[in-house]
Amino acid sequence: MVRLSIRDSNDSPVPVPELPAKATAPTDQSSQSQIKTSHSTDWARELPIPRPGELLDFVCVGVGPAALGIGTALQDACENSTTPVQYRPKVAFVERETDFHWHAGMQLPGVKMQISFIKDVATQRDPRSHFTFLNYLFTKGRLNKYSNLNTFRPSRIEYQDYLKWCAESFRHVIHYGQEVVEVTPSQQSSKSESVDSFVVTCRDVKTGDAIRYHSRNVIVAAGGRPSVPPALAKGYAAQKNVLHSSQFQTSISRVLPDPTSNYRIAIVGAGQSGAEIFTSVQTAFPNAQASLIIRGSALRPLDGSPFVNEIFDPEQVTNMYRREKSVREASQNADKATDRGVVNMDLIERIYENMYNQDLLSPPGAPPQHRILRYRNVIGLESSPSGAAVLKCENSTALYEECDEPRTERLEFDAVVLATGYAYNSHVKMFKPLEHLLPQTNSKQPKKPVEWNVAEDYRVIFDEDKVDKSQAGIFLQGCNEKTHGLGDSLLSNLATRGGEMVASTLGEEI
């Protein structure tokens with residue numbers, strides 16, 4: 001990577017915006033446009049802007065829901081603090097994107113959240129917080145109208161607007177357009193010669209400049225990266241007409257520019273994202289042929305029943321962590337129907353009804369416009385001479401049904417969308433310079449990847465002789481499913497966990 005220059009953090013601090021006085025709820029919808037924000041003039045100054053080169057209390061990598069849980073918890077703590085602003089925690093949030101986005105590629109019209117708005121970034125920590133979803137509605141002048149919808153599940157588009165509203169409250173300490181390259185040890189304590197702070201090196205995505213932050217604590221809340229099966233990775237990287245589901249809404253018009261054309265579109269994956277895209281393309285491209293390719297026999301329903309949903313309660317995180325490893329694994333395998341490779345029942349029923357009506361209205365013997373290809377395992381992805389994407393599939397239908405379908409298929413499509421999930425391992429590469437600080441029993445071994453084990457409070461477990469944990473720490477968010485449960489990468493516990501992270505990194509300093 002070429003680094004044109006290096007500058008210290010905060011050389012060009014973001015100016016604190018002048019915000020209007022705290023707003024009251026508008027009396028009617030016409031006055032809604034007059035409200036820009038509900039924050040008082042003091043809100044943007046609750047967190048001080050650090051001076052250039054100043055040692056920070058923490059740097060948070062990523063500005064998604066997990067980071068917002070932390071940022072809003074810190075803001076709430078500051079609001080109730082008597083400590084002068086200049087003596088409050090010095091923090092920075094760094095984000096690769098140039099502005100706030102949350103699942104931009106999956107902001108599909110009409111799609112709702114799968115969880116209640118009560119599980120926002122603040123309510124379960126403090127229902128009186130300024131940053132609850134209900135207060136967002138109140139501020140925007142939509143509280144009464146939303147109540148008429150009679151639903152706990154807002155649209156995904158509205159929920160992104162809520163999250164962006166939360167992020168605006170501490171935008172002056174968010175540094176957009178900066179991608180973290182590595183985290184390295186900084187100076188050592190003179191008494192113990194152990195590490196007591198870290199340096200976070202970022203790359204400006206526009207200029208290529210390197211920016212460095214010096215901090216006692218680092219929190220990684222970077223979210224997931226698109227996961228593509230190894231057999232498809234080469235084709236995904238090389239072909240412009242192959243997208244990951246995370247790119248769908250933002251990129252599909254580039255791949256398929258004519259919404260009236262009879263494109264052939266494949267969606268690979270049997271989970272919620274695949275089902276949503278399969279439904280969406282039928283509306284966005286009414287003349288297209290959509291094929292949903294799945295390994296199993298059917299789309300499986302998400303188990304959102306109340307007793308099962310208790311596994312996402314905050315107190316269950318402690319229970320999960322303290323179980324024996326074998327018991328944790330058994331528990332998670334038993335509960336995978338709550339999230340992995342499953343689809344909301346409402347959407348399953350909608351898809352089934354659409355397929356039924358297709359059969360009803362089609363001429364006898366006509367091939368279906370839209371289809372679900374079951375028992376297919378995609379084992380290859382190539383490009384045809386015409387530029388079409390070619391999926392090579394193992395077809396196991398004959399093992400389950402009487403049929404004469406071939407065991408191997410080559411299916412051509414004008415576009416392929418891989419709804420194949422996410423990997424939560426972005427910290428591995430950036431932590432490479434920290435590997436020597438891990439306990440010897442967890443050091444790198446031949447043919448065995450380094451394990452970044454965390455304590456119950458999400459702190460990476462380093463060798464205590466090498467890192468002074470009373471002064472410094474690295475914390476991981478959203479990638480601890482094996483130890484903290486299936487909800488670790490989800491939205492359910494962000495409010496409670498955000499408060500815990502503020503307490504772990506800052507203690508009573510606020």
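Leu 243 has Val 417 as its bridge partner in strand β16. Helices (H or I, at least four residues) and strands (E, at least two) are DSSP runs, numbered from the N terminus. The model is a predicted one, in which local features need pLDDT of at least 70 and side-chain atom pairs count only at pLDDT 80 or more, while totals for chains, interfaces and linings use all residues. Residues are numbered from 1 along each chain as its sequence is written, and side-chain values use heavy atoms, with hydrogens and water left out.

**Strand β16 and its partners**

- Two strands pair if DSSP finds at least two bridges between them.
- Strand β9 (residues 242-244) pairs with β16 in the parallel sense over 3 bridges.
- Strand β10 (residues 264-268) also pairs with β16 in the parallel sense, over 4 bridges, and Ile 267 stands opposite Val 417 in β16.
- Strand β16 (residues 415-418) is covered on both faces. Ala 415 and Val 417 on one side, and Val 416 and Leu 418 on the other, are all buried; buried means under 20% relative accessible area, exposed over 50%, and partly exposed in between (1.4 Å probe, protein chains only).
- In a regular strand the side chains alternate between the two faces of the sheet.

**The open sheet**

- An open sheet of 3 strands has the order β13-β14-β15, with antiparallel pairing.
- Its edge strands, β13 (376-383) and β15 (408-413), each pair on one side only.
- On average, neighbouring strands of this sheet are turned by 25 degrees against each other, direction ignored; axes are lines fitted to C-alpha atoms, for helices over the stretch in contact, and angles run from 0 to 180 degrees between N-to-C directions.
- Strand β14 (residues 389-395) is joined to β15 by 6 bridges, and the two run antiparallel. Lys 392 stands opposite Arg 410 in β15.

**Cysteines**

- The structure holds 0 disulfides, a disulfide being a pair of cysteine sulfur atoms within 2.5 Å.
- Cys 78 counts as buried because its relative accessibility is 0%.
- Cys 166 likewise counts as buried, at 0% relative accessibility.

**Confidence**

- The protein chain has a mean pLDDT (the predictor's confidence in each residue, from 0 to 100) of 89, and 88% of its residues reach 70 or more.
- Over residues 1-7 the pLDDT stays under 50, and the model has 19 contacts beyond four places in sequence for them; contact means heavy atoms within 4.5 Å.
- Residues 10-45 have pLDDT below 50 as well, with 67 contacts in the model beyond near neighbours in sequence.
- Where pLDDT is low, the predicted coordinates should not be read in detail.
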